Amino acid sequence: MKKNSYYITTPIYYPSGNWHIGHCYTTVICDALARFHRMLGEDVYFLTGTDEHGQKVEKEAKDRGITPLEFIDPLVAELKSMWSLLDISYNRFIRTTDEDHIRCVQRIYQKLYDSGDIYKSEYSGWYCTPCESMWTETQLKDGKCPDCGREVTLQKEESYFFRLSKYAPRILKLYEDNPEFLQPKSRVNEMVNNFLKAGLQDLCVSRTTVKWGVPLPFDKNHYSYVWIDALSNYLSALGYLSDDEEKLKKFWPADLHMVGKEIVRFHAIIWPAILMALGLEPPKQVYGHGWLLIGGDKLSKSKQDAVKYELTDPYELVKRYGSDAIRYFLLREIPFGSDGEYTNERLLLRINADLANDLGNLVSRTTAMIGQSFQGVLPACGKKEEVDLRLEEAANGLFGRVKAAMDRLNAPDALDEIFSVVSKANKYIDETTPWILAKDEGKRERLGTVLYHLAEVCRICAVLLKPFLTKASRLILKSFSCEEDEGFEHVSFGELKAGAKVEKLPPIFPRIDVKKELAEVENLVKELKKKDKKPEKKAEAEKAPAEISIDDFAKIELKVGEIVACEKVAKSEKLLHETVKIGEETRSVVSGIAKFYTPEEMVGKKVVLVTNLKPVKLCGVLSEGMILCAEDETGKLSLLSPEKAEILSGAKIR
Ligand code: ME8
């Protein structure tokens, strides 16, 4: 039975490298929760990391002529530095390429195989040879490969399957018996109606074509399915099936898997089924949060390019406004469980209204007044009036209200509670008018009482803000000579001792001129976009094949051909079917140039062809060669032709 511990996880991130503020959302929420639970005195294990295997990485690395790890390592370093900028206090950063993780995945597969939950069968799908990809019937686009548009062939492949179908009734029961298991409620309906009601199909959990994965212990030709590999990180990090399962005993079942809503299905159906098969308890809760939207769609790198001037790069945002401001925006602005729109303007308005005006002003006015009237020494609290008691009561009840919100995982509500007390304190300044009291020597005790109340509210709010604003909270506590590592045992009014040193705190969140800043950001985004384009070009250049020898070149047979007939390929907008005379020979050739040449224009042209390519069928038409074209930056195509028209077809190109 686990006690006084809290195990919280983020999903492990794909090393995409195109990090944006949407990526920070899950991890910042988890960090606030992890810090909150640490301050409650619990033993917290906060796990995050990277999901590094799979076809995409394998291909990206291959295209660049480097190993998958050479491709991934710098991206992982980037992600770690992003977490460090945002003050993310994870206990472990796990990589699916870590040795202990790989070992654990293999043992999980073996255990499931031994118990009969993984069995060998046949997977049939549509295979695209050039892309080396297998597709299901529904994934095909007009019956062709959805990636390259080429013909696909029906193939059967030997694969291993996980008996997911067997677990559907138990998963439904899990939802019924544990309403807290999957939150928010709407996600349960999605899972039940879209997947579970119809019954589940067994899941294909091995690949032979993608080799950048974990080899299966019982069949080395097969590699793990990426999602089983990825989900297992939640157990491998605790030493599951290793010699040391101490952490597992302490932290499993996980208290919370926080995930974006698009991956709830994996966490709330496949994952509990695997755990049931392994004989382990399911996690206590899976929470599917909403997305940061931009222009109404999920913020993603491609969307970011389409929407003009929103700055979404976490490094730039932290550099301009500081990590606290970014954390605050993410934690406060997006209604928890729902989607929320991201714009630079909303971010700046939040910073100004809450952080610069409300919190910043309260702290700088309080510390400045104690400096001016009491030489930076905290005055004693005298006789309390009604207005003081009201503020004191609001501050005293604050911890309970914040905790209740955090128990519901609702950081926006928790922050709302804290900032409502900050507002009350600012209103208290207006009501008690300390600047007038300061002018009257006879009101000195009253002034002391007012400033003491303000100081206490600042301190209590700072303690409660620690999980959210990691830097500002420390600065505030320090200015009141409080221990920076003060925990939730110090949230009652009256702890500050008269005579304590109070240092004047300059504005912790300077006010931003929104109009000016938005104009600057627009220019910055334009600059960043230009820079962004360059590396792409460089990557293209890097992708260019390395030098080849004359022998390599000699392998390509190039000849002049004359087009004697040409027609459009039925059901294709891109393809033309040419009949090409090459010397004595006539060949059928298909080319993707229908957007640039009509069939009539093509007839009679002399062109250059690669004549020793393996024949393929494109849209059902045989192609026995490739006509060469030049392509400019806009994507326009122009045929290559011999400069002298009298050159005969069949002439060799050297
Ligand atoms: O899904 N708004 O990784 P990932 C909010 N490797 N959250 C967003 C977001 C946005 N606009 N864009 C991304 C994976 N995220 C898998 C997980 S776990 C065993 C394997 C969030 O890099 C997303 O919802 O695509 C997810 O929680 C996290 O970023 C990582 O996404």
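The structure, a predicted model, holds 21 aromatic pairs, in which the rings of Phe, Tyr and Trp (its six-membered ring) have centres within 6.5 Å, with planes under 30 degrees apart counted as stacked, over 60 as edge-to-face and the rest as tilted. The pair of Y13 and W83 is edge-to-face, because the ring centres lie 5.5 Å apart and the planes stand at 70°. Y13 belongs to the loop between β1 (5-9) and α1 (21-39) and W83 to helix α3 (residues 68-85), so the pair ties together parts that are 70 residues apart in sequence. Helices (H or I, at least four residues) and strands (E, at least two) are DSSP runs, numbered from the N terminus. Both Y13 and W83 are buried, where buried means under 20% relative accessible area, exposed over 50% and partly exposed in between (1.4 Å probe, protein chains only). One aromatic cluster is formed by Y7, Y45, Y234, F251, W252 and W271.

Residues are numbered from 1 along each chain as its sequence is written. Local features need pLDDT of at least 70 and side-chain atom pairs count only at pLDDT 80 or more, whereas totals for chains, interfaces and linings use all residues; side-chain values use heavy atoms, with hydrogens and water left out.

Beyond its neighbours within four places in sequence, Y321 is in contact (heavy atoms within 4.5 Å) with I326, L347, L348, I351, I512, E517 and V521.

Two cis peptide bonds are described here: one joins Q183 and P184, with omega about -15°, and the other runs from W252 to P253, with omega near 5°. P184 lies in the loop between β7 (182-183) and α6 (185-196), and P253 in the loop between α9 (246-251) and β12 (256-260).

Although not a glycine, Q375 has a positive phi of about 50°. Q375 is located in the loop between α14 (344-374) and α15 (386-396) and counts as exposed because its relative accessibility is 64%. T433, also not a glycine, has a positive phi of about 40°. The loop between α17 (411-432) and α18 (434-437) contains T433, which counts as partly exposed at 22% relative accessibility.
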